[in-house]
Amino acid sequence: MSYYFYIIPAFIVIVLAPLLLKNHIKSKDKDIIYNSRMSRSIFEKSGMIIIVWDTDGYILKTNTYTEIILGYTEAELKGKRWIDTIIPEKLREHMEDIGRKILDGKIIENHENEVLRKDGNSVYVLWNNTMIFDRNEKPLYIVSMGIDATQRREVEDKLESNFKVIKDYNKKLD
């Protein structure tokens, strides 16, 4: 009886534990692969501009939708400072302040600004930003996600203009 008392736990530790651990690792690997594929799919198919930049302001990664809206390929943007590449000169100081606030931990949500396309035209983008930290809670990357708000902006401008015309017309009637 005492012989089996030692053999069974040893059998579990020597034979079964590695098999169970191997199956657990395979399961975790599948989870990692699944999560990686899901993240890539969301990144590419989201229907919004996504720009990942480092804490010095250099662009690290963009998605396909960024190319569709801004006209730049990822290769053309990668390694360039976002502020010098896609921000009109008249807005750079203000946008530098926004960038500093983000780096200081203040996440700026629903911030709209003009952005330069590769062809020189401008679009308006409504941005949301999030910070990615390393294991020690040190900022690594900023992910800026934006939607093209140009058409909405144009409609708002037309409505405002029409409102002004109506208001002026009403004043004449008084």
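The model is predicted; local features need pLDDT of at least 70, side-chain atom pairs count only at pLDDT 80 or more, and totals for chains, interfaces and linings use all residues. Residues are numbered from 1 along each chain as its sequence is written, and side-chain values use heavy atoms, with hydrogens and water left out. The protein chain has six helices and five strands.

**Fold and surface**
- Along the sequence, the pattern is α-β-β-α-α-α-α-β-β-β-α. Helices (H or I, at least four residues) and strands (E, at least two) are DSSP runs, numbered from the N terminus.
- Of the 174 residues in the protein chain, 25% are buried. Buried means under 20% relative accessible area, with a 1.4 Å probe and protein chains only.
- Contact means heavy atoms within 4.5 Å. Among contacts in the protein chain between residues at least 6 apart in sequence, 37% join residues at least 24 apart.
- The accessible surface of the protein chain is about 12,700 Å². Carbon and sulfur atoms hold 57% of that surface. Areas come from the Shrake-Rupley method with a 1.4 Å probe.

**Thr 62**
- Thr 62 sits in strand E2 (residues 59-62).
- Thr 62 is buried, at a relative accessible area of 4%.
- Leaving aside residues up to four places away in sequence, Thr 62 touches Phe 43, Glu 44, Ile 50, Ile 51, Glu 74 and Leu 77.

**Cavity**
- There is one cavity of 30 Å³ or more. A cavity is a set of points, on a 1 Å grid over the protein atoms alone, where a 1.4 Å probe fits but cannot get out.
- The largest cavity has a volume of about 150 Å³. Volume is the space filled by probe spheres set on the points, which are joined across faces, edges and corners.
- The largest cavity is lined by 15 residues; closest to its centre are Trp 53, Trp 82, Trp 127, Asn 129 and Ser 144. Lining residues have an atom within 4 Å of a point.
- Strand E1 (49-54), helix H5 (92-103), strand E3 (109-116) and strand E4 (122-133) each supply at least two lining residues.
- The lining has eleven nonpolar, four polar and no charged residues.

**Aromatic pair**
- The count is one aromatic pair. Ring centres must lie within 6.5 Å, and the six-membered ring is used for Trp.
- Trp 53 and Trp 82 form this pair, 5.1 Å centre to centre with 40° between the planes. The pair is tilted, as planes under 30 degrees apart count as stacked and over 60 as edge-to-face.
- Trp 53 lies in strand E1 and Trp 82 in helix H4 (residues 82-85), 29 residues apart.
- Both Trp 53 and Trp 82 are buried.

Note on methods
Buried < 20%, exposed > 50% of the residue type's maximum accessible area, 1.4 Å probe, protein only. 1 Å grid on protein atoms, 1.4 Å probe; cavity = no way out; pocket = protein on both sides within 12 Å on 5 of 7 lines; lining within 4 Å. Nonpolar A, V, L, I, M, F, W, Y, C, P; charged D, E, K, R; others polar.
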